[in-house]
Amino acid sequence: MSIPSQLNRTLGLRLAIIVVMGNIIGSGVYKKVAPMAAELHSPGWVLICWLLGGIITLMGALCNAEIASMLADTGGEYAYYKKIYGRFFSFLYGWSNFAAIKTAAVASIAYVFAQSLHSIVHLPPLLASWADINIAGVFYPFAGFNVKLAAIVLILVLTLINTTGLKTGAGLSTALMLLVLAGIGLIVVLGLSSSEANMPSVFHLETTNAAPVTMSGVFTAMLAAFWAYEGWNSVGMLGGEIKNPHRNVPLSITIGLLLVITLYFLVNMTYLSVLPVPGMEQVHASSNTIAAVEAVKVFAGTSGVFLISLLILVTTLGCTHATILSNARTYYAMAKEKVFFSKVARLNAAKVPGNALWFQGVWACLLVLSGTFDQLTDMLIFAAFIYYGATTLGVFILRKKMPDAPRPYKVWGYPVVPALFIVFCVLLVGNTLIERPREAGIGLTLILLGIPFYRWFRRREA
C-alpha cells in the first residue's frame with residue numbers, strides 16, 4: 001500500500017535538514033564529554049572519539065542514504081526492511097523503536113530538560129518518602145520524582161503540539177534550532193577567546209592516570225559519542241511528508257550530519273580547553289552537574305551559568321520536540337499494515353497520526369520513570385546499532401536483488417565503507433554486552449518482547 005498518498009508533503013530540503021539537526025543536537029553536546037573523559041583520561045583521545053564517532057556515523061548515514069533514495073517512504077527503516085528482510089524483521093525494528101530506541105531517546109532528552117529546569121528554579125520535592133520503592137532493585141520510579149514529573153509534562157505538551165499538524169511542529173523546530181546554533185556558537189567564540197582557554201592542551205594524547213588507552217575503552221567512550229549523534233536517521237521516517245524524498249532525504253541526512261560533526265568538535269574542544277580532564281572526571285563523578293555548565297562557569301561566571309542553563313533548556317526542548325515529531329510515523333505505518341494496535345492507524349483532523357503520537361508519548365513517560373539518563377542512552381545505542389548494521393547489510397542485498405533499480409544516490413566507497421561499518425556495529429554490540437551487561441540485557445529483553453506481540457497481531461489479522 002502507498003502510505004504517503006494519505007499524508008501531505010509539506011517539508012522541503014531546508015526543513016528536512018532542520019529536523020535532522022534537531023534530532024541530533026540534544027543533551028549529548030552538554031553532558032557526554034564528561035563520561036568520555038572519565039573513561040579515556042586524555043583530552044586528545046576524547047576529541048579523537050568525537051571525530052571517529054562522527055565519521056562512523058556518517059558512514060552509516062551514507063549507506064542509509066542509498067536505501068532511502070531508492071525506497072523513500074513514511075516509516076523510514078521500517079518501510080525499507082520489508083523489501084530487504086521481510087515483514088517480520090520490519091515489524092521487529094518498528095517494535096524496537098517503540099519499546100527501546102526512539103521512545104527512550106524522547107525520555108532521556110526530556111529527562112535532561114527537567115534536570116536543567118530544576119537547576120534554575122529548584123523544583124520542590126515530590127513523593128520523597130516513596131523514593132526507595134523499587135522493582136527488583138533496578139528500577140526506582142519515584143526517585144527524583146519532581147524532575148521526572150517535569151520531564152513527563154514536557155513530553156505530553158510537545159506531543160499535543162505535534163498532533164496539531166506537521167507545519168506547526170516543523171516551524172517550532174526551525175525557531176528552536178536557530179536559537180540553539182546561536183547559543184552554541186557564542187560558547188565557542190567566548191570560550192576559545194577567553195584568557196582561561198589552553199588550546200594546545202586539548203590535543204595531548206597522554207593520560208592523566210598514566211595507563212594506556214585500550215580499544216575496549218575507546219568503544220565504551222564512543223557509546224557516549226554515538227548517543228550525541230543519535231537521531232540522524234529520523235527524517236527517513238517522514239519520507240511520505242517530504243517534497244522530492246528520493247533527493248531530499250539523503251541530502252538532508254548528509255548535510256545535517258556534517259554540520260553537527262563540525263559543531264560538536266568545536267564545542268567539545270572549547271570545553272576541554274577551559275576545563276581539563278581532571279575537572280571533567282569530577283563532573284562525571286557528581287550526578288548533579290553538567291559538563292557544559294562547569295566549563296562555562298570557568299570563563300563566564302554565574303551569569304554565564306544562568307545563560308548556559310537556559311540554552312540547555314532550549315536545546316533539549318527542541319531535540320525532544322524533533323524526536324517526537326518524526327518517530328511516531330513508524331507506528332502509524334505498522335498499524336496501517338495491521339501489525340500494531342489498530343487505533344494507531346488513524347489520522348486526525350490535521351492529517352497527522354495523532355494516536356501514534358499519544359502511544360509514543362505515554363510509553364516514553366513510563367520510560368522516564370524506569371531509569372536514569374545514562375541507563376536509557378546506553379540501552380538505546382546498543383539496540384540502535386543492531387539495526388544500523390542491518391540497514392547497511394541491506395545495501396549489499398539490494399545491489400544483488402535489484403541491480404537495475406534506480407539509485408538517485410549511491411554510497412561513496414562501496415563496498416569498503418559499508419563493510420567497515422558493519423564490522424564496527426558487530427564490535428560495538430559485542431563490547432556493550434561485555435562492558436554494559438545490564439543495559440544491553442534490558443534492551444534485548446524489550447526487543448525480544450516483540451516476538452509474542454507479532455504473533456498476537458498476526459492472529460488478530462487472520
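I began with Thr270, which is buried, with a relative accessible area of 1% (buried means under 20% relative accessible area, exposed over 50% and partly exposed in between, with a 1.4 Å probe and protein chains only). I noted that this is a predicted model, in which local features need pLDDT of at least 70 and side-chain atom pairs count only at pLDDT 80 or more, while totals for chains, interfaces and linings use all residues. Residues are numbered from 1 along each chain as its sequence is written, and side-chain values use heavy atoms, with hydrogens and water left out.

I placed Thr270 in helix H10 (residues 245-274); helices are DSSP runs of H or I with at least four residues, numbered from the N terminus. Leaving aside neighbours within four places in sequence, I found Thr270 in contact (heavy atoms within 4.5 Å) with Ile187, Val188, Gly191 and Leu192.

Next I looked up helix H4 (residues 43-71), whose 29 residues reach 41 Å from first C-alpha to last, close to the 42 Å expected at 1.5 Å a residue, the expected span being 1.5 Å times one less than the number of residues. Since 24 of the 29 residues of H4 are buried, the helix is largely enclosed by the rest of the structure.

I then turned to Leu448, which lies in helix H16 and is partly exposed, with a relative accessible area of 48%.

Last, I checked pLDDT, the predictor's confidence in each residue, from 0 to 100: the mean for the protein is 82, and 87% of its residues reach 70 or more. Over residues 1-8 the pLDDT is below 50, although this stretch has 24 contacts in the model beyond near neighbours in sequence.

Technical notes. Helix = DSSP H or I, 4+ residues; strand = E, 2+ residues; numbered from the N terminus.
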